Amino acid sequence: MDLIRIGLSSVMLAREMDSSTGVDEFVLRVRPRLERALVARFGVDDGLEATDEAIAYAVAHWGRLAEMANPAGYLFRVGQSYGSRLRRRSQRRELLVDQPASSSAPIDMDLQRALIKLKPEQRVAVVLVHGHGHSYSEVAEILDVPTTTVANHLNRGLARLRRILESS
Amino acid sequence: MNDTDLLTRLHQIGDHLDEEAARRRQAAPAREVGVSATSSRRRTSGSGLSSKVLARAAVVALVIGLGVGLVAVTVRDVDPEPASNQPVGTPVDAQPSPAPTYDGTKLDLTLPIVGRAWADTMAFSLSADTNARLYAVWQTAMAQCMRERGFPDHQPVVYPPNAPFQDRVNPLDRDYAEVMGYHELPAEPVDPNTYTDATYAALEGEDGCAEVAWDSTFGRLTYYFDENDRLRAGVASAITGFETSDEGSEVADEWSTCMKANGRSGFDSPSDAVRMYADDPHVTDDEIATRLIDLDCNLAVGYTQTQHEWEQTQLDAWQLTEQEAIGEAIAKREQLELELGAIESATYGSNPR
């Protein structure tokens, strides 16, 4: 129903761009983690686009965002919302990433297929912590949950990954 | 498999994801760095059309609803450097239909509201009719502009009849489940136009028709959409968390047990089933069978009803905190509805749609 609304928001974001105090620093700090989280959530294609949209939102609404307790977590939700919409419009994506052209190492398709079967928040936690080496607290900030919840996602996610991989 | 093996494999996947993300960013510099990426979306005077299309693809896909935007995305996938004046991309309706269709007017809207459906039921949201009128006047303005710039065959993209219903599919709608399984209601606009570099330049270039039509249609309505956008995000945020709530976890466990008892193991919650089937290009018999077992289990354990009540409670609390803003947004919606008539007159003139 919100075809128009979405279009409007994006254009207004693009038109309201204003580099206010602090936003550059915030973007530099949060962007790598936000991008990795959204790529883990939606795959490389949609994840990058969702990251751009979330960052655009941060720039356009920095005044409001700066007052939030956890702007990084809010931005992840912005990216999630956009990514979900992209996903609804696209064909099925079974993998997070195809074989990278720049890498000679073969990509682990079995593990990718298993990761896709995890709950999104479990997948994001597992990929950020064990794929990229982020701390529990860094992941907690992005997911906007307590670190105990991150630990919970990790434990359940890893247990499920093992089950899936062993049965495949 | 031991833990060390699994962790090593996860680390390698992390490296692959970083590598590929970096490669894509290098290929599409507009996405490069946060603030400069967003600023670059505003620049329309680039050196090459293809890079412009790339740079603006994310915005364009949304600005034009889905019609032209989808074609822009198709172009990126098909050929990043198309030959000048050669048709690029394919009209959306030429793609094979990935799933069965369903008439959105047949949805059961009396079932307990959950999830994305809440936002459309809010008094500050635009009605289906208003959205359709806005979309029509916007597309008409774009086509008129294109005609004036030497593209006499450019046609308005028609508002998809299912668009008002896309967020209203209910997990308990059995008729829908029997046809569509876990798939979303298709509501993609059908774009009758074909696109060349010249078309894109007229549409998306500096002071292009997309921008001209945008300004003439929505330029004076931003007062409504700014606040509406914030409130809709608030609704989404307020109802987030059911699955991890105590009530949600409990009813999901009951649902999962019911599914298992009916031969469908491995699903911790209904969203697991959605993830497994919803993006498949086809609706399979297995999907329909699982969906119907899911629906029966949902009814047996009261999953959707529990979700509805939980979300209603969260929304009630949110609405109390936003009471004043919601009242103002309703007034702005009414003002927009009044102004729309004038915008339509200016666009259609003596040629009513």
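Helix α8(B) is largely enclosed by the rest of the structure, because six of its eight residues are buried (under 20% relative accessible area, with exposed over 50% and partly exposed in between, for a 1.4 Å probe and protein chains only). Helices here are DSSP runs of H or I with at least four residues, and strands are E runs of at least two, numbered from the N terminus. The buried residues of α8(B) are Asp197(B), Thr199(B), Tyr200(B), Ala202(B), Leu203(B) and Glu204(B).

This is a predicted model, in which local features need pLDDT of at least 70 and side-chain atom pairs pLDDT 80 or more, while totals for chains, interfaces and linings use all residues; side-chain values use heavy atoms, without hydrogens and water. Residues are numbered from 1 along each chain as its sequence is written, with chains lettered from A and ligands numbered from 1 in the order in which they are written.

Over all chains there are 13 aromatic pairs (rings of Phe, Tyr and Trp, the last by its six-membered ring, with centres within 6.5 Å; planes under 30 degrees apart are stacked, over 60 edge-to-face, the rest tilted). Tyr182(B) and Tyr277(B) are stacked, 5.5 Å centre to centre with 5° between the planes. Tyr182(B) lies in the loop between α7 (174-180) and α8 (197-204), and Tyr277(B) lies in helix α12 (residues 270-277), 95 residues apart. Tyr182(B) is buried at 8%, and Tyr277(B) is buried at 9%.

Phe218(B) and Phe225(B) pair edge-to-face, because their planes stand at 85°, with centres 6.1 Å apart. Both are buried. They belong to one aromatic cluster that includes Tyr135(B), Trp138(B) and Trp214(B).
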